[in-house]
Amino acid sequence: MEVYIVIEVIKKDKEILFNLETKNSMYQMKVDKYNVLKHLWYGSKTLSDMEYLLDYPDVGFSGQISEVDDDSTYSLDTLPLEYSCFGVGDFRVPAISVIHNNGSDAIDLRYESYSIKKGKYSIKDLPSVYSNYSDCDSLEITLKDTSSDVYVVLKYGVFNNKDIICRSAVIRNEEENSIKINKAFSMCLDIPYGSLDIIHFHGRHAMERQFERIPITHNIYEFSSTRGTSSHQESPSIIICDKNCNEEFGNCFGATLMYSGNFKTQIERDQLNQVRMIMGINPDTFSWTLEQNEEFFTPEVILSFSDKGFSKLSHNFHDIIRNNVCRGKYSLESRPVLINNWEATYFDFDALKILEIAKTASSIGIDMMVLDDGWFGKRDSDKSGLGDWYANEDKLKMSLKDLASKIKSIGMKFGIWFEPEMISEDSNLYRNHPDWAVKIPGRKPGRSRNQLVLDITRSDVRDYLYESISRIIKDCSIDYIKWDFNRSISDMYTYSLSSSNQKEMGHRFVLGLYELLEKLNHDFPNLLIEGCCGGGGRFDAGMLYYCPQIWCSDNTDAYDRSKIQYGTSFIFPISTIGSHVSAVPNHQSGRITPLSARSVVAMAGSFGYELDLNTLSDLELENIKQDIKIFKKFNKLIHNGDYYRLSNPNDDNFALWEFVNDNEVLVQGIIFRSEANQLRYNIKLKGLKENMEYIDSNTNKVYTGSALMNGGILLPKAFGDYYSVMIHLKKQY
Ligand code: DGJ
């Protein structure tokens, strides 16, 4: 492993230069003579102090801090700053704003001190990227308000070999009185040059993380959620790139927030064409009272830079998320291929039906049966039962324990669905604890999917959930949990907080969720938890700290999924993407696609099935058996290899992707529409060794890496729509 000088501090006169370096990136800040912490650079390594790029223009209406005598070129409003403050002359979007005891909401943070530590810092009560100690160094820079004892500690975790810098901020109140934090973003990044685009990932239920690229004009862009989750509608991830940046070429930065609640990313292009990006907890739904000597911890942002386009940027994120975010037994290990009964039965099943599906599944190589919604309380539709986490034996016609042991006796693992954070009004839990539901006193709460939200900011509610869930895990030797969440949170109010602190609830809800998940992870180290939120409505690096895979979308249609998984892949590794083969016509889109297309799309994820296998023909079952064999054969390559996007399914007539490791290459995808006299597509592969030879496992043809990357490979002639592609090549030695 190469070793770099990761964090360098150079002091000269009254200035201090902080130079953070990873293998291919450099991040610079400088403390100036006024103790202002300026941002100088985030980009390629230049071996230079990048201060020389700063212009100090004399701009009318951009004023000076009091220490500056008559130099009208020094303005907080025009300088690139490391952590922008509200109310003292920087009129761009601020990263922080607090209300002091005297009612003022201004803050002017100046440099106080720094420290460097080996290893990666962690963040109290929040998920954060972890290190093996030697691969990361952490820098802390302490800033202090000029006229109060409010401190902000900026934290940087620098992963030298991974081109990753993690960021977070801690606010500390050493005032005699409490302060109120109105806004505490995790990071601010000022980019004082360039003509840039934003890539963000918007969506809706069943159409999550749609790729959209827009130019940054003079404006303030906001990408956010106020839904209580990171949401289907917008991902807490962003890419900022050069205009000419593409998969292989150009400079780009990416940032993803390790947080599962309300977030906001703001991007402003200012009067001088400079771009500022800030990211963190959404201040629209947040405030926090900080008593004397208390600290507030902001969630982590994972930041990466690539000077080789989006493929490299994605590899950086995939690598850090796989190795330093996901935890536990399954983070890098093969996951069980599962069958889930949701689209097979919805609420209409008993234990016999589940066993019939399980038996067929086991006979064709599926490893785990997952019992979805409807096994508990009185739950024959989505109108009742949430909160009553004990099996409905009348419906199952068997105890859950017996069902579990029968499934295990045929050699399968057993998983089960929960939606812990919800409550149905028609449930015993609600009848016994109506005050446990989230609602505003005197206002009837809105329902969504007929349900209310459970107030998990309360410790008694969390205790109830932990007891209920852990009892079932132990009684039935549960191997896997699908942790669902099927509505946005409205009518926010909690009896656990005073009326003046109600805006703490959103964040406390997320902290409550993390506490529960942490306890389960700790107490059941062999349990695999799959995150879910009506599909992929809470698909974020925060959840991935507790659940190494997340159900990516309720949409199982192969065509739609290829676009959803395309967008998801920019930040999130393939192993984290829960993806299943379902029946046709597809239940969400009505589209009919061949089994082979559904298989290759689902294989680009944590693979599974979600249909009644007993309605399929022998030939279809045989094909599925073969597909499972193929997936298991390539599982490690798919989950831990380098993933390349070979097309943009929004523009091209095909969705194609490639997995590469040291020994082999797998190209998969679908050609959307065929034509008579179909012309062949020629696809250039990526990430191969130019001088090595690769043999096609199917045709035995041998190509050089250089030929495959520069000349490409011919795709098969599509005959019929949604024609699947699978090409496997082995490196020859
Ligand atoms: C939404 C999930 O995304 C589905 O897969 C299924 O589990 C349903 N909830 C069950 O209610």
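User: Which side chain does Arg645 join through a polar contact of 3.0 Å?

Analyst: Keep in mind that this is a predicted model. Arg645 lies in strand E31, which covers residues 642-645. Among the residues it contacts beyond four places in sequence are Tyr566, Ser569 and Phe570. The polar contact of 3.0 Å joins the side chain of Arg645 to that of Ser569.

User: Is Arg645 buried or exposed?

Analyst: A residue counts as buried when its relative accessible area is under 20%. For Arg645 the relative accessible area is 2%, so Arg645 is buried.

User: What distance separates the C-alpha atoms of Arg645 and Lys33?

Analyst: Along the chain, Arg645 and Lys33 are 612 residues apart.

User: Let's turn to the ligand. Which residue has a polar side-chain atom 2.6 Å from an oxygen atom of the ligand?

Analyst: The ligand is surrounded by 13 residues, and the closest are Asp372, Asp373, Lys482, Asp484 and Asp554. The one with a polar side-chain atom 2.6 Å from a ligand oxygen is Asp373.

User: Which side chain has an N or O atom 3.3 Å from a nitrogen atom of the ligand?

Analyst: Two side chains are worth looking at here. Trp417 has a side-chain N or O atom 3.1 Å from the ligand, but the ligand atom there is an oxygen. The ligand nitrogen is 3.3 Å from an N or O atom in the side chain of Asn486.

User: How much of the ligand does the protein bury?

Analyst: The shell around the ligand has 4 nonpolar, 3 polar and 6 charged residues. Taken alone, the ligand exposes 300 Å². Of that area, the protein buries 98%.

User: Which residues have the most contacts inside the largest nonpolar core?

Analyst: In soluble globular proteins, nonpolar side chains tend to be buried together. Here the largest nonpolar core has 201 residues. Leu403 touches residues beyond four places in sequence, including Ala351, Leu371 and Phe414. The residues with the most contacts inside this core are Trp375 and Leu403.

User: How many residues are in the other core, the one with Tyr644?

Analyst: This core lies apart from the largest one. Among its members are Tyr644, Val660, Ile671 and Ala718. Its residues number 20.

User: Which residue does a cis peptide bond join to Val584?

Analyst: Most peptide bonds are trans. The bond in question has an omega of about -10°.

User: Is Phe61 buried or exposed?

Analyst: Phe61 is found in the loop between strand E4 (37-43) and strand E5 (96-99). Its phi is near 70°, a positive value in a residue other than glycine. Because the relative accessibility of Phe61 is 85%, Phe61 counts as exposed.

User: And is Ser231 buried or exposed?

Analyst: Ser231 also has a positive phi, near 85°, and is found in the loop between strand E13 (220-224) and strand E14 (237-242). With a relative accessible area of 5%, Ser231 is buried.

User: How many Å apart in space are Arg598 and Tyr722, C-alpha to C-alpha?

Analyst: Arg598 is found in helix H11 and, at 9% relative accessibility, counts as buried. Arg598 touches residues including Ala558, Val581 and Val584. Arg598 and Tyr722 are 124 residues apart in sequence, while their C-alpha distance in space is 8.9 Å.

How values were computed
Residues are numbered from 1 along each chain as its sequence is written. This is a predicted model: local features need pLDDT of at least 70, side-chain atom pairs count only at pLDDT 80 or more; totals for chains, interfaces and linings use all residues. Side-chain values use heavy atoms; hydrogens and water are left out. A residue is near a molecule or strand if one of its heavy atoms lies within 4 Å of it. A polar contact is a pair of N or O atoms within 3.5 Å; within protein, one must be able to donate a hydrogen and the other to accept it, and residues adjacent in sequence count only if both atoms are side-chain atoms. Accessible areas come from the Shrake-Rupley method with a 1.4 Å probe; for residues, only the protein chains shown count as cover. Ala, Val, Leu, Ile, Met, Phe, Trp, Tyr, Cys and Pro count as nonpolar, Asp, Glu, Lys and Arg as charged, and the others, Gly among them, as polar. A nonpolar core is a set of buried Ala, Val, Leu, Ile, Met, Phe, Trp, Tyr and Cys residues joined through side-chain atoms within 4.5 Å. Buried means under 20% relative accessible area, exposed over 50%, partly exposed in between (1.4 Å probe, protein chains only). Contact means heavy atoms within 4.5 Å. Helices (H or I, at least four residues) and strands (E, at least two) are DSSP runs, numbered from the N terminus.
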